[in-house]
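I wanted to look up a helix pair and some aromatic rings.

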Amino acid sequence: MNSTAQLQKDLFRRFASKEMTKLTLSQYYTAGRHLLKHRNSDSDAGFSAFQLTASFLYRELPVRIGQTATGLKQNPSPYNIRQIPQFRALLDDYVDDLSHLVDRTPPPTTPDTNEKFVETLRCLKRKYRANMWTLSQGLRELSTAINKNDPLIVPDFLRTDTCVQRGEPVPHYLSSTMAYPDLSAPMAYLAPSGKMEMTDPSTWSLSAGPNMVNDGGGGSAREPRLHTPQQWTPNRVCSEFCDEATCRNPRLWLNDGSQRCAENQTRRLFDWLYSMNLGTQLLIEDHVAIHDYSHNLVQIIQPLDIANRAAQDASAICQRHYGFAPPVIKVIAPTPGVTTTYVPHYLYSMLFQLLKNALRATIEHHQQRPFPVVKLVMSSGDEDVAFKISDEGGGVPLSQVDAIWSYLKTTKDAGEAGQTQKAVVRNSALSSITFMNRASDMPLFGAGDGLPMARQIARYFGGDLDLVSMEGVGTDVYLHLSRSRNVAEHTPDLCTLLESGFPIHSAVATSSLASSSSAAI
């Protein structure tokens, strides 16, 4: 191992083993107001206020960046993402950021060193939004590689073409389209006799065939009381185990249990990676915004004002894309004056994304005017401020609902690749402060990670995002913001992420991941 690699390894270990400090909206807001109060003070109190916050950031940011780099480098997903150029570039950026903070930036203990630290934060701020776009591009490349069964990215045990080349049947373990249960645990099933039976999937044997189990002596024995899922009558919506030959949704049979587990593990990795970037970016941008613009990012807001702004911009971008007036967005708010503590551009970006989706679905489903109205309803309760966006855009098939939250899917059309790439370059330098002023210049779709990213933003401070869809009619999306200011940042610990990594159960899988594992810390 060369000296540079050893230094990087030591640097990662030094900070990745530390525990990050999870903040609340109340802490962000209180600290921001305190700094704004003393920002223009010439006394020692002004520097002391900033020095206290700067010292915290000087200790905290290396921990977060070190953990982010370590999680990406360790890669708990089964796909060899280190082969994707964008992810390698991201890892190099994290290494450079960590080195910049630790080795090239002195502690902010004096006014001069504090200014140098703020300049470092300005540099990191410019890079982090570009990093988010790089991450988006990397996910598209990963999705393409998986669809093509790229042997450098996809391990053998997840490649259907490997099974075909070997003359083996593609494994078949179909579970619910809405949730993927633990197939290794005993479960209750409805047998063809109509009775509920407890069966242990660990005793199933694909080689034994229907109603057969291993007899322990290398052969098979008939077990009439054990009914494997492949024998059962198909459910109308294919939400239970069903028969492959007569399944009404044969698309689902292309995916086996290992593939679904791989997708879930990959989603868990990028949920974590996005949330880590989100928190690090908020820390940096909030401090720089207060120092440079007298503006803190966590504020007491009126959600209705932000909802109206998002509706206007979504309509504008939709009209520019299609060349005609989009469906009307009707905003309904029984309690219009409600306030809450939140990050304004977080709420804006979520509503903006959801409204764009609703408008696009409505136009492309009906294809002629007049279009039905898209409704945006805002309500306020004791626990949360909630939004419901209802469209009549044809809805989503039940079998596709879970795929909505996957990072490995994209709506970007091949013909728009050039346009989207230009948009990425144009918008990569946008800060959170200017994002709301420039969002209407972005493309209608294909520029980001859409719903998965919006859900991560919603969950970051205790909220949530979910949807209910009726195929042939439309979709209702529900966005909840917690009204509690004391909910800490929702980011799993690094150890929790790595402990939940993809289980390797076969020699084929182990050999396929050898190149990825050898590069890990």
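My entries on helix packing and ring contacts follow.

**Ground rules.** I'm working from a predicted model, where local features need pLDDT of at least 70, side-chain atom pairs count only at pLDDT 80 or more, and totals for chains, interfaces and linings use all residues. Numbering runs from 1 along each chain as its sequence is written, and side-chain values use heavy atoms, with hydrogens and water left out.

**Helix pair.** I checked α4 (residues 85-103) against α5 (residues 111-147): their axes come within 9 Å and cross at roughly 165 degrees. Axes here are lines fitted to C-alpha atoms, for helices over the stretch in contact, with angles from 0 to 180 degrees between N-to-C directions. Helices are DSSP runs (H or I, at least four residues), and strands are E runs of at least two, numbered from the N terminus. I therefore put α4 and α5 down as roughly antiparallel (over 145 degrees).

**Rings.** I find 11 aromatic pairs in the structure. Phe, Tyr and Trp rings (six-membered ring for Trp) pair if their centres lie within 6.5 Å; planes under 30 degrees apart are stacked, over 60 edge-to-face, the rest tilted. F324 and F371 have ring centres 6.0 Å apart and planes at 20 degrees, so I log them as stacked. They sit 47 residues apart, F324 in the loop between α8 (303-322) and β6 (329-332), F371 in the loop between α9 (344-366) and β8 (374-380). I also noted a cluster of F87, F270, Y274 and Y407, linked by ring pairs.

Note on methods: Parallel < 35°, antiparallel > 145°, perpendicular 65-115°, else oblique.
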